[in-house]
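Have the structure open and follow along.

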Amino acid sequence: MTVRVRFSPAPTGYLHLGSARSALFNWLYARKTGGAMVLRIEDTDTERSTPEHIAAIKDTLGWLGIDWDEEYLQSERFDAYLKVVDDLIADGRAYYCDSTPEEIKARAEARGESADGGYDNYNRDRNVQPGPGVVVRFRTPDEGVTAWDDAVRGRVTFDNAVLEDFVIVRSNGTPMFHVANAYDDLDMGITHVVRGEDLVNTTPRVLLLRQAMGADDVPTFAHLPLIVNEQRKKLSKRRDDVSVGDYAERGYLPDAMRNYLVTLGWGPKDGVEIRPVEELIELFDLADINKASAFFDVKKLDHFNGEYIRALPTEEFVAQATPFVDASEYDIPAELFASLAPMVQERTKRFDQAAELLDWVVGDPVEPSEKDWRKVMGKDEVPAILDAVIERLADVDWTAEALEALVMGVGEELEAKSQLPVRLALTGKRAGLPLWEPMAAMERQVIVDRLRAARARI
RNA sequence: GCCCCCAUCGUUCAGUGGCCUAGGACACCUGCCUUUCACGCAGGCAACACGGGUUCGAAUCCCGUUGGGGGUGCCA
């Protein structure tokens with residue numbers, strides 16, 4: 001049997017981390033098995049779905065290097081869903097319902113039950129006719145169980161009795177998620193449904209619908225553990241940085257993001273986490289996916305990204321970092337950046353942080369912290385060091401090698417560390433790029449002025 | 001309330017009855033390298049939630065407790 005998986009986002013927002021991971025796991029499985037990856041846009045909620053979101057989702061999938069073999073839009077298939085619903089109604093497996101939420105609630109209260117118990121199947125046999133404000137509900141069985149073997153969770157069982165008759169066609173005539181989903185999985189021959197755990201409870205409904213549509217088989221489900229935030233709650237648009245597109249804009253490499261995402265809920269058995277996607281595809285398996293939710297750890301993502309950035313050929317690094325450098329608050333000439341790129345690349349975990357390393361080269365040094373100043377400049381020998389460096393700077397060859405020899409030479413002669421005071425005077429910070437190359441790229445007078453200013457401050 | 005689910009270092013993944021005095025990675029700490037930082041290298045800290053079973057033997061199987069999460073929409 002040829003594997004057919006699908007990624008089915010609702011285009012009601014941008015692609016977020018959780019969805020991206022679902023897409024990725026589907027894709028890995030399809031590519032591993034030589035199966036087909038279907039992109040199915042579930043835009044049955046016509047109110048909230050937009051073409052912009054569809055475009056953005058596709059863009060971001062492309063950015064992540066996730067491709068697909070077939071593409072469908074559910075809004076173009078409404079006729080088919082509605083036809084199936086008509087059959088269901090004719091069969092008595094679905095019925096019209098005109099109960100408003102208020103009425104349902106009122107009846108529950110009248111019975112002395114909790115108001116959030118859900119729909120009470122009130123209209124089942126009342127022969128409501130279609131009209132304004134009328135929805136179609138699916139008649140769920142009153143007994144028995146609906147169960148399936150989940151590739152990650154094992155056997156999952158639901159009592160049919162706890163399933164209320166749910167809406168399958170809205171009062172505005174549009175079909176809802178469950179029907180579209182059940183119909184399409186059947187119609188498109190989907191063999192494996194890989195999606196987030198937040199959808200487990202919809203599975204019995206979809207399965208029941210699928211049966212009602214005449215299916216006698218069940219796809220393999222794999223419900224992925226949720227990606228959570230520090231509070232162990234499902235990542236949410238409101239609280240968390242979940243838009244994958246935003247990560248792209250902040251200078252994360254798609255390969256790094258994809259590689260990190262794979263390690264959430266799954267891991268190669270040999271423990272090697274950072275590796276080429278081809279290997280990931282080879283090693284991946286639905287059966288090895290974890291059950292417990294996983295925290296999205298940006299620090300670890302940063303580490304992955306740093307590894308990927310360092311692995312780039314320098315020219316490639318320059319090419320990719322340049323847009324970010326240009327967009328930064330610093331005015332850094334392309335040539336300067338290119339010449340200093342190797343040392344920047346070594347120290348950059350995100351492209352949007354690259355420019356800041358050169359702040360002192362193209363602008364004034366930052367104001368040193370009091371603590372740094374005291375620690376570095378407070379030493380007795382510092383005035384002598386700075387005086388000597390300033391004096392010798394007047395006629396030194398303006399090359400990185402000569403500058404290094406000069407500063408280190410002064411240090412040796414005075415038997416003191418000369419690099420740090422010079423660094424603080426020039427950059428305002430104790431840590432940063434190696435000094436000599438950038439110095440050689442700067443004006444002699446600027447360097448001398450900064451050293452003099454620092455000397456005067458002691 | 002009702003339904004479903006989860007539980008190994010701070011985080012993440014490995015571990016599917018003996019190879020576990022529990023392993024890798026991130027983070028953190030120490031040292032080395034060094035022009036500071038970063039990289040790299042060598043170390044270190046640190047976990048099987050708890051209680052019962054089953055078994056010659058349990059992180060691995062079963063039950064319970066506790067803790068956590070997801071769902072409960074005319075969203076998906």
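## A strand with both faces covered

Look at strand β2 (residues 36-41): Ala 36, Val 38 and Arg 40 point one way, Met 37, Leu 39 and Ile 41 point the other way, and all are buried. Buried here means under 20% relative accessible area, with exposed being over 50% and partly exposed in between (1.4 Å probe, protein chains only).

Strands count as paired if DSSP finds at least two bridges between them. One of the links goes from Val 5 to Met 37 in β2. As for the names, helices (H or I, at least four residues) and strands (E, at least two) are DSSP runs, numbered from the N terminus.

## How the model is read

This is a predicted model, where local features need pLDDT of at least 70, side-chain atom pairs count only at pLDDT 80 or more, and totals for chains, interfaces and linings use all residues. Residues are numbered from 1 along each chain as its sequence is written, chains are lettered from A and ligands numbered from 1 in the order in which they are written, and side-chain values use heavy atoms, leaving out hydrogens and water.

Helix α5 is mostly covered, with 8 of its 11 residues buried. Among them are His 178, Tyr 183 and Asp 184. The buried residues pack (contact means heavy atoms within 4.5 Å) against β1, β2, α3 (78-91), β8 (167-169), β9 (192-196) and α6. After α5 comes Gly 189, with a positive phi near 65°.

## α5 meets α6

The axes of α5 (residues 177-187) and α6 (residues 203-212) come within 9 Å and cross at roughly 60°. That's why α5 counts as oblique to α6: under 35 degrees is roughly parallel, over 145 roughly antiparallel, 65 to 115 roughly perpendicular and the rest oblique. Axes are lines fitted to C-alpha atoms, for helices over the stretch in contact, and angles run from 0 to 180 degrees between N-to-C directions.

Which residues of α6 does α5 meet? They're Arg 205, Val 206, Leu 209 and Arg 210.
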